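Please take a moment with the sequence and the 3D view before reading on.

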Amino acid sequence: MTTEELKIKITELLPSAAFEEGGEWLTVNIGSADWLSFAKQLRNEGSLFFDYLFCLTCIDWKTHLTMVYHLTSTLYRHNIVIKAKLNRDKPEIETVSNIWKTAEFHERESYEMFGVNFLNHPDLRLLILPDGWEGKNPMRKDFEDPVNMIKL
Amino acid sequence: MYRQTEIIKDSSEVSPGGGDLEEGGGAEFVINVGPQHPATHGVLHLVITLNGETIKKVEPHLGFIHRSIEKMCESLTYRQFIYVTSRMDYLSSHINNHGCALCVEKGLQVEIPPRAQVIRVIMDELTRIASHELWWGAMAMDLGAFTPFFHAFRERETINDIMEETCGARLTMNYMVPGGVMADIHPNFQKRVKDFIILFKSKVDEYDELVTGNVIFRNRMKGVGFLSKEDAISYGCTGPTARGSTASCDIRKLYPYEVYDKVEFEEILETGCDSFARYMVRIRELRQSIKIIEQLIDNIPEGDFQAKTKAVLKLPKGEFYSRVETARGEFGVYIVSEGGATPYRIRFRSPGFSNLSALDHMIRGGKIGDLIAAMGTLDLVIPDIDR
């Protein structure tokens with residue numbers, strides 16, 4: 001599908017979706033509450049078939065967090081970027097690890113680095129950081145570590 | 001975290017005969033592989049739950065070599081951050097640099113001189129050969145064959161020497177910069193690469209004779225670590241790992257960059273979905289890489305090796321994503337720019353991280369001995385996973 005066709009289809013599925021201009025791929029802003037049902041539609045709808053989640057990450061905007069999902073379809077080769085805004089004090093979003101299995105590891109990474117709580121995640125534990133790290137999220141903008149000097 | 005080998009006895013699972021250790025018996029072992037284990041090729045810690053010899057669960061514990069490269073890059077300029085990325089997948093450092101340079105160029109909208117494009121592709125393919133050779137030698141060693149390692153390293157040294165002459169480095173190249181390549185190729189470069197091609201062609205056949213046709217090797221690889229096409233895509237596997245499961249994912253073909261759309265090569269797909277299929281993909285890829293280099297080495301256009309760029313690079317506000325094919329799979333660079341001289345957020349989508357996540361699924365229900373064979377064909381580079 002071309003970007004225009006995708007736009008029409010997405011608006012049909014989720015009328016509240018807001019499109020963002022300027023990116024290389026179609027970028028859709030959604031509410032975090034809509035994510036799980038929307039993700040299922042993206043994956044299972046025959047004409048969309050986004051079966052490959054190639055990048056899952058989070059951005060700290062100081063006022064809020066944004067989850068970013070890059071999806072592609074291995075059948076039609078179209079790409080889409082989904083963004084969901086989260087509350088910085090209590091970031092919560094549904095897990096998609098049962099839709100795209102790769103999300104399980106990537107969500108664990110976002111959990112420890114940004115403190116995003118993925119609801120219904122099968123195994124939400126620290127992955128990269130050492131045991132007992134809980135509470136501090138190194139990839140957040142306000143994280144300082146004078147001992148290890150991550151900031152060069 | 002499990003500090004040492006221990007036995008967990010779950011009363012509900014203990015069979016009437018008590019904790020006999022045969023398959024189907026009651027006792028469950030938890031053993032550690034790593035963090036210091038030769039077969040993990042770095043500091044990877046696997047906690048394996050066993051029932052007898054059968055694997056019930058494999059749980060990777062990462063982070064032993066985590067340096068928070070993404071955070072580090074937030075305080076480095078667009079010229080500086082590329083040097084850090086050589087330290088991620090150190091066996092594909094050229095290709096990592098390439099991906100980052102492409103992303104910055106996308107933001108700056110600079111045209112790369114044709115000479116630089118061709119040099120970049122040749123370097124990428126030489127890197128791929130060097131990386132696959134190391135993998136081949138190390139994997140054979142994991143399975144108990146010591147000789148292939150020396151054979152592989154003999155040819156790999158030649159590539160390293162060629163690299164050293166042009167880039168000044170043997171491992172962390174830092175040769176690709178936004179706008180082109182850092183320096184022109186060494187006058188000997190073309191001749192040495194051509195000599196290498198002649199030498200290498202006969203050696204690949206030797207590799208086949210040594211390992212590929214070996215009965216013991218085949219028996220250990222075939223049917224081990226099964227990964228279906230759907231699972232490979234769902235787990236985000238890329239590179240030879242996915243292509244061994246017939247999932248077409250070669251970025252060089254699907255989203256061509258530089259001159260990949262002008263050279264002839266095949267995307268290697270294997271239908272076996274097992275460790276042997278993944279092995280064959282890499283071996284066949286060696287020949288494809290040679291084919292690409294052969295087409296380009298005599299046709300390096302004259303001209304500049306670097307486009308003119310400003311001393312301080314500033315990307316416009318926005319988001320940029322570039323993807324390249326490393327020796328291990330799809331490497332993605334995602335830059336979020338606020339318009340300054342440093343990125344606001346940078347994300348590296350490393351192929352090894354996703355490939356590793358499929359390990360538990362691949363090996364569950366298999367034997368402990370097969371774990372090493374399956375893990376070997378994932379071609380894990382730990383700094384690439386931990387970043």
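Helices and strands are DSSP runs, a helix having at least four residues and a strand at least two, and they are numbered from the N terminus. The model to which this is applied here is a predicted one. In chain A, three helices and seven strands make up the secondary structure, and, read from the N terminus on, the elements of this chain follow the order α-β-β-α-β-β-β-β-α-β.

Of the 152 residues in chain A, 54% are buried, while the chain exposes about 6,800 Å², of which carbon and sulfur atoms supply 51%. If one takes the contacts in chain A between residues at least 6 apart in sequence, 49% of them join residues that are at least 24 apart.

Is A:Asn44 buried or exposed? A:Asn44 belongs to helix α2 of chain A, which covers residues 35–44, and, since exposed means over 50% relative accessible area, A:Asn44 counts as exposed because its relative accessibility is 56%. Along the chain, A:Asn44 and A:Phe19 are 25 residues apart, and their C-alpha atoms are separated by 21 Å.

Rolling a probe the size of a water molecule over the atoms shows where empty space is left. How many cavities of 30 Å³ or more does the structure hold? There are three cavities of that kind, and the largest cavity contains about 90 Å³ of space. The lining of the largest cavity consists of 14 residues, and those nearest its centre are B:Leu91, B:Thr127, B:Ala130, B:Arg156 and B:Met173. Two elements of chain B, α4 (114–142) and α5 (147–167), are the ones that give two or more residues to this lining, and α5(B) provides the largest share, with four residues. Sorted by class, the lining of the largest cavity has seven nonpolar residues, five polar residues and two charged residues.

Note on methods:
Residues numbered from 1 in each chain as written. Chains lettered and ligands numbered in written order. Predicted model: local features only at pLDDT ≥ 70, side-chain atom pairs only at ≥ 80, totals over all residues. Heavy atoms only, no water. 1 Å grid on protein atoms, 1.4 Å probe; cavity = no way out; pocket = protein on both sides within 12 Å on 5 of 7 lines; lining within 4 Å. Points joined across faces, edges and corners; volume = space filled by probe spheres on them. Nonpolar A, V, L, I, M, F, W, Y, C, P; charged D, E, K, R; others polar. Buried < 20%, exposed > 50% of the residue type's maximum accessible area, 1.4 Å probe, protein only. Contact = heavy atoms within 4.5 Å. Areas by Shrake-Rupley, 256 points an atom, 1.4 Å probe, with all protein chains shown as cover.
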